[in-house]
Amino acid sequence: MKRKEAGLAAGVVALVVGGGMWWFNRRPPVVVPPSRPVPELGALTPLVQQSPPARQKALTHLTAKGNGVERQRAKYLLAVDALAQDNPKEALHLLTNLEQEYPLLTAQILWQQARAYQKKGNLPAAQTRWERIIAQYPDQELAAEALIALGRIQEAKERYPAHPQVVAWVQKELESQPYDRTLLVHLARYGLHLPNLPIYLDRLTHAHRGQLSPAEWQAIAFAYWEKQSYLKAGRAYLFAPLTAEHLYRVARGHQLGGRIREAIGYYQDVLQQYSETPQGLLALHQLSVLAPPPQRDQYFQQLQQRDPERSARVLWERLPLWQQAGQTQRVSQVRTELLSRYAQTQAAGQLRWELAQAEQQRGNLRQAMYYAEGILEHSPHSPLAPQAGFWLGEWARQLGQNDRAQAAYTQVVKQYPDSYYAWRAAVRLGWPVGDFQGVLQMQPPVQTQRATLPLLSGSPTLQELYRLGEYRDAWEQWQLEFTERQQPSLADQLTDGLLRLGVGERLDGLFMLTTLERRVQTETEQQQYTQIRQEPAYWQALYPLAFWPTVPAAAQRYGLNPLLVTALIRQESRFEPQITSSAGAVGLMQVLPETGDWIAGQLQRPPFQLTQPADNLQAGTWFLQYTNGLYDQNALLAVASYNAGPGNVDAWLKRFGRGDWDGFVERIPFPETQDYVRQVFGNYWNYLRLYNPEVCGRVNPHLCLS
């Protein structure tokens, strides 16, 4: 429900990625291993995700019958649960002498004891434990909380400036001192998690522009960049210390902000001062595109000598201009050059796909197959390769080459198992994965057992808290330990993403995980990344069963496939219940308020509270089944309608006809909706191959949990 039409609309969450190369020149991964191996959770594994009442009996059993580490962990979790249920007496009983048995979490045990004594009204006993934490465990985030609990807030601010509670205190102070320079600089440096941070950055730069140091400008610029205010970031980097990366971001920020002339000048500065750096190469690429002729051609000649991949991309991007100008001979020469000299590049793959599509439209399927095969042979890692492989199978099938078609479909599933086209290939292979017609009514079996991916960074204490499912405490500890925010390692980015997911920051957490490959710069990191992708927990983190079993309950009300509903939510909101799109759509399924009111009227019920998951899910699932009914149970049309509106889908049906649904997807004239359809059904396929035992066993047995 994105495009507004007939009062029915919804939104898609989209991250705008700037293109700054902040992953260059990074430090090596810093992994802090425990001093000795830490036992796996064992019997505790399924319990860490359960509510206190649901796990109480099992935890109590482990305190009596478990091995040493199991007993310690069970006691700690039971004590935390007892405090959550306002039972400090039971918590103190469980915590007695536990710090001696469980040294890895001594500071946390002392903190829980202090909480229990505080609840009982024994403030001196609580203060004694807070003081002990401060004295003995200054490297723990709890030391900051202990200082705050004792009223020593200024000391906490000086010693633990990144602690979330300190940042919250600074925000509070700004209510009475809105233009205090020190407070605003503090937020610029340590408030990156704040949604409204740009407001404070604007206030700081407007009120104190002449008083800020280069280091402070660097913090401001980075904060703007993280919040996707690229032009403001580019302007701020002008005052930061001069480095290749900062100057590149000056140029890139101006380009993304629409200031092309200024961007060209700054790119020229990067090239002049930092020619041999990675940023110099990026600047040369941008100048090969943006600069006016004849300078543009001179830059391109330099680029050809240094980077074939980028050179090929420039040539491919120029092809439409030469075609429009009627330079037929030049077009032919460049195509030949791309397919020979630059045959292995992404640009050559894109050209092959364009040529394949053109041949298909002419009815020359054998020639179209030739170009598709070229993509699989020369550009197997291209984003277009799964699409080319699937259509190679389709064209072979249409020509009666059934063996070749089956081989192509099998290749797509095997080599590109996480792609939308792997699902389409699995349909053609006859697998029980649902098709556009009827998939929204399927009820596939779902295995909900979950795996946890170990953190690659962080102290032993942080890692233990994460194992136990104490994500908020782990995340707060991470704020103290995560010091390389501007140039994190692969290990750091993975850790940050997993912890963000743990505390419910799924939008940023999923972004950190989906962009993890960008961090890979060394052979060691490539090995790490390859291993990570073999772990079930990594894929489960990318495709979480969030709000489960609430989502299945909502889907069941209207007979909908819970995995497909989950797939749509992942695309719409990244499971953020409070999020609002630029179009005003709200919540998990991104329902516009006026749409919600209309649906409430249809159901004859009070207005929906769209930020509440249960209400949002009822409204969204009702509308999804409504559109599904409009199109005779065709999930493709229902999902497309959810994004673009029924009117647009009706127009496309008149224009493209029915039956060839794969062709219909390729012809959708709205790029946003075409991508939306692929993303939603690609999500569905990934949920199916991770959580449905039969499909998982066929596609990727190593990812199956039994």
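Which residues do ring pairs link into a cluster? Trp353, Phe390, Trp391, Trp395, Tyr409, Tyr420, Tyr421, Trp423, Phe436, Phe681 and Tyr684 are the members. Rings of Phe, Tyr and Trp (its six-membered ring) are paired here if their centres lie within 6.5 Å; planes under 30 degrees apart are called stacked, over 60 edge-to-face, and the rest tilted.

Colleagues, this is a predicted model, in which local features need pLDDT of at least 70 and side-chain atom pairs count only at pLDDT 80 or more, while totals for chains, interfaces and linings use all residues. Residues are numbered from 1 along each chain as its sequence is written, and side-chain values use heavy atoms, with hydrogens and water left out.

I begin with the chain as a whole. It contains 39 helices and zero strands, where helices (H or I, at least four residues) and strands (E, at least two) are DSSP runs numbered from the N terminus. The radius of gyration is 28 Å, close to the 27 Å that the globule rule gives for 706 residues, so the chain is as compact as a globular protein of that length. That radius is taken over C-alpha atoms, and the rule is 2.2 Å times the number of residues to the power 0.38. The C-alpha trace spans about 85 × 60 × 55 Å along its principal axes.

Of the 706 residues, 54% count as buried. Buried means under 20% relative accessible area, exposed over 50%, and partly exposed in between, with a 1.4 Å probe and protein chains only.

I return to the rings.

Finally, charges over rings. The criterion is that NZ of Lys or CZ of Arg is within 6 Å of the ring centre and within 35 degrees of the ring normal. Arg424 lies over the face of Trp423, at 4.6 Å from the ring centre, and Trp423 is one of the cluster members named at the outset. Arg318 lies over the face of Phe300, at 5.0 Å from the ring centre.
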